[in-house]
Amino acid sequence: MNVQGFGLGLRTEHYADFLETKPAVDWLEVISENYMVPGGKPIARLDAIRRDFRVVMHGVSLSIGSTDALDLSYLRELKALAARIEPAWISDHLCWTGVDHHNLHDLLPMPYTEVALRHLTARVQQVQDVLGRRVLLENVSSYVTFMTDEMSEWTFIAELLKRADCELLLDVNNVYVSSRNHGFDPRTFIDAMPRERVRQIHLAGHEDHGTHVVDTHDHPVCDDVWALYAHTVKRLGAVPTMIERDDHIPALGELLDELDQARRVQAEALA
Ligand SMILES: [Fe+2]
């Protein structure tokens, strides 16, 4: 099963709206960990949603970049959830969330080195072997870089996609946030992404503090990110796109309006 078009992140505030009004979204992205519990309300709700909407799964706990061993019981639960709800794909983040069994509850950037590339390649392959399918990894927003970096983030990602035979969830807002924080041209990043491996796009809002930008997902998408999205569409085509809002979650109608704007920007960019 595949999905195209425009989606939204499924948030508990909107369960009833989705079930009762069946709004025109092409698919929904569900946070995997919210449903990796046996029985109970969350999974029953998701089963109901799944009858009307196609879904993709998005995780936050894989910690693919960590040096801790991969959590195989987590992967088995993830696989079981996928068997139940049949998502078009499964994604997580290109990051590490802890080390030495301490969870830092943050999506931390990788050092962009050959050693890290080899480490990630082996782990992505292990994950894909367990799940029996390719995974998507998402570029994260960052605020610091490592002194040991040997290459740019975009070179690192493009190389990983090729070596590990995985796919990309391209977060256009994260590219923008990191470009402001580190002082690079975000179009250089976008232009380096291999078209055939970009399966999904995230759009989101952030907090602009002038000297730095924080990836908060609590604002509408800003004009600069819409412009970068238009550039991305010209470069990569009509990649399935969604809006992420995780804080100050508005009424569903407001997010549907923002999704219409994404439709307009994509149509104009393709015209
Ligand atoms: Fe994202």
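Which residues are buried in α4?

A: In α4, the buried residues are Ala-116, Leu-117, Leu-120, Val-124 and Val-127. Buried here stands for 20 or more other C-beta atoms within 10 Å of a residue's own, exposed for 12 or fewer, and partly exposed for anything in between, with C-beta atoms placed from the backbone. The model is predicted, so local features need pLDDT of at least 70 and side-chain atom pairs count only at pLDDT 80 or more, whereas totals for chains, interfaces and linings use all residues. Residues are numbered from 1 along each chain as its sequence is written.

Helix α4 covers residues 114-131, and its 18 residues reach 26 Å from first C-alpha to last, close to the 26 Å expected at 1.5 Å a residue. The expected span is 1.5 Å times one less than the number of residues, and helices (H or I, at least four residues) and strands (E, at least two) are DSSP runs numbered from the N terminus. Seen down the axis of α4, its buried residues fall within an arc of 95°, so they line one face of the helix; the arc is that of the directions from the helix axis to the C-beta atoms. An α-helix has 3.6 residues a turn, so residues three or four places apart point the same way. On the other side of α4, the exposed residues are Glu-114, Val-115, Arg-118 and Asp-129. The buried residues of α4 pack against α3 (72-85) and α5 (153-164), where contact requires C-beta atoms, placed from the backbone, within 7 Å.

Another helix, α9 (residues 252-270), can be read in the same terms. Its 19 residues should span 27 Å at 1.5 Å a residue, and the end C-alpha atoms of α9 are 27 Å apart, which agrees. Leu-255, Leu-259, Ala-262 and Gln-266 are the buried residues of α9. They cover an arc of only 45° around the axis, which puts them on the same side of α9. The face of α9 turned away from that buried side carries exposed residues, including Glu-254, Asp-257, Asp-260 and Arg-264. The buried residues of α9 pack against β1 (6-9), β9 (198-204), α8 (223-236) and β12 (241-244).

Strand β12 is among those packing partners. Thr-241 and Ile-243 point one way from β12, Met-242 and Glu-244 point the other way, and all are buried. In a regular strand the side chains alternate between the two faces of the sheet. β12 runs parallel to β1, joined to it by three bridges, and parallel to β9, joined to it by four; two strands pair if DSSP finds at least two bridges between them. Gly-7 stands opposite Met-242, and Ala-204 stands opposite Glu-244. Leaving aside neighbours within four places in sequence, Ile-243 is in contact with Leu-8, Leu-203, Ala-204, Val-221, Leu-255, Glu-258, Leu-259 and Ala-262.

Ile-243 also belongs to the largest nonpolar core, which has 67 residues, and is one of the members that touch the most others, along with Leu-28, Leu-137, Leu-168, Val-172 and Leu-203. Such a core is a set of buried Ala, Val, Leu, Ile, Met, Phe, Trp, Tyr and Cys residues joined through C-beta atoms within 7 Å.

Ala-238 lies in the loop between α8 and β12 and counts as partly exposed because it has 14 C-beta neighbours inside 10 Å. Apart from neighbours within four places in sequence, Ala-238 contacts Val-233, Gln-266 and Leu-270. Ala-238 and Ala-269 are 31 residues apart in sequence and 9.4 Å apart in space, C-alpha to C-alpha. Asp-218 is found in the loop between β11 (213-214) and α8; with 15 C-beta neighbours inside 10 Å, Asp-218 is partly exposed. Asp-218 touches Gly-205, Asp-247 and His-248, not counting residues up to four places away in sequence.

For the chain overall, the secondary structure comes to nine helices and twelve strands. Of its 271 residues, 39% count as buried. Residues 24 or more positions apart account for 78% of the contacts with a separation of 6 or more. A compact globule with 271 residues would have a radius of gyration near 18 Å, and the chain has 18 Å, which agrees; this radius is taken over C-alpha atoms, and the globule rule is 2.2 Å times the number of residues to the power 0.38.

Definitions and conventions
Two residues are in contact if their C-beta atoms, placed from the backbone, lie within 7 Å.
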